Amino acid sequence: MTKDVKNPKVFISYSWSSKEYEKKVLDLAFRLKENGIIVMLDKWMMKPGTDNINFMEKCVKDKEVDYVLILIDKIYTQKANNRVGGVGIETQIISKEVYDNVEQTKFIPIVFDRDEDGNIEVPVYLRNRFHIDFTKGDPELSYIHLVKTIFGKEVYKEPEL
């Protein structure tokens, strides 16, 4: 990484669905860091005594955070729609930001898991947002798409006329 390249900063919002799912989240976070992206993740940033709500609010509203990656699975969607737990609190913070500025692209929904029938469930406030799907096609291409987006690079170059 050259010194003149800004290291983008992301916050990862996800649900504590299962140990296996949390491992997928950690694997993504480590890989993003390996690619020069500053990752804000509760697992390594929150210490005993940390105020959960303050942590989440600061991460979402931090002007230095370039993107909030919203890792969607069935449990995340249920918690978001019902405003339950940490996901519910983050949803209250994020949904206001999304509704107040429909042109913003800071919040990136990522389909990170599907239900038993192969369906995705997306929280109501994100249904009209373009998402990146890590569960369909080649997940490596989805990862490249995400990293290019985070670094502000073109994913698909429009051809000349």
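The crossing of helices α3 and α5 is right-handed, a crossing being right-handed if the near helix is turned clockwise from the far one by less than a right angle, and left-handed if anticlockwise. The structure is a predicted model, in which local features need pLDDT of at least 70 and side-chain atom pairs count only at pLDDT 80 or more, whereas totals for chains, interfaces and linings use all residues. Residues are numbered from 1 along each chain as its sequence is written, and side-chain values use heavy atoms, with hydrogens and water left out.

Helix α3 spans residues 52-61, and its axis comes within 10 Å of that of α5, the two crossing at roughly 30°; axes are lines fitted to C-alpha atoms, for helices over the stretch in contact, and angles run from 0 to 180 degrees between N-to-C directions. The two helices are therefore roughly parallel to each other, since angles under 35 degrees count as roughly parallel, over 145 as roughly antiparallel, 65 to 115 as roughly perpendicular and the rest as oblique. On the α3 side the contact (heavy atoms within 4.5 Å) is made by I53, M56, E57, V60 and K61, and on the α5 side by G86, I89, E90, I93, I94 and E97.

Helix α4 (residues 74-82) packs on α5 (residues 85-100) at an angle of about 60°, with the axes 7 Å apart, which makes α4 oblique to α5. This contact involves Y76, K79 and A80 of α4 together with V87, G88, E90 and T91 of α5. T77, placed in helix α4, counts as buried at 2% relative accessibility, where buried means under 20% relative accessible area, exposed over 50% and partly exposed in between (1.4 Å probe, protein chains only). Not counting residues up to four places away in sequence, T77 touches I72, E121, V122 and P123.

Strand β1 (residues 9-13) is largely enclosed by the rest of the structure, because 5 of its 5 residues are buried; helices (H or I, at least four residues) and strands (E, at least two) are DSSP runs, numbered from the N terminus. Both faces of β1 are covered, with K9, F11 and S13 buried on one side and V10 and I12 on the other. Strands pair if DSSP finds at least two bridges between them: 3 bridges join β1 to the parallel strand β2 (residues 38-40), where K9 stands opposite I38, and 4 bridges join β1 to β3 (residues 67-72), also parallel, where the bridge partner of V10 is Y67.
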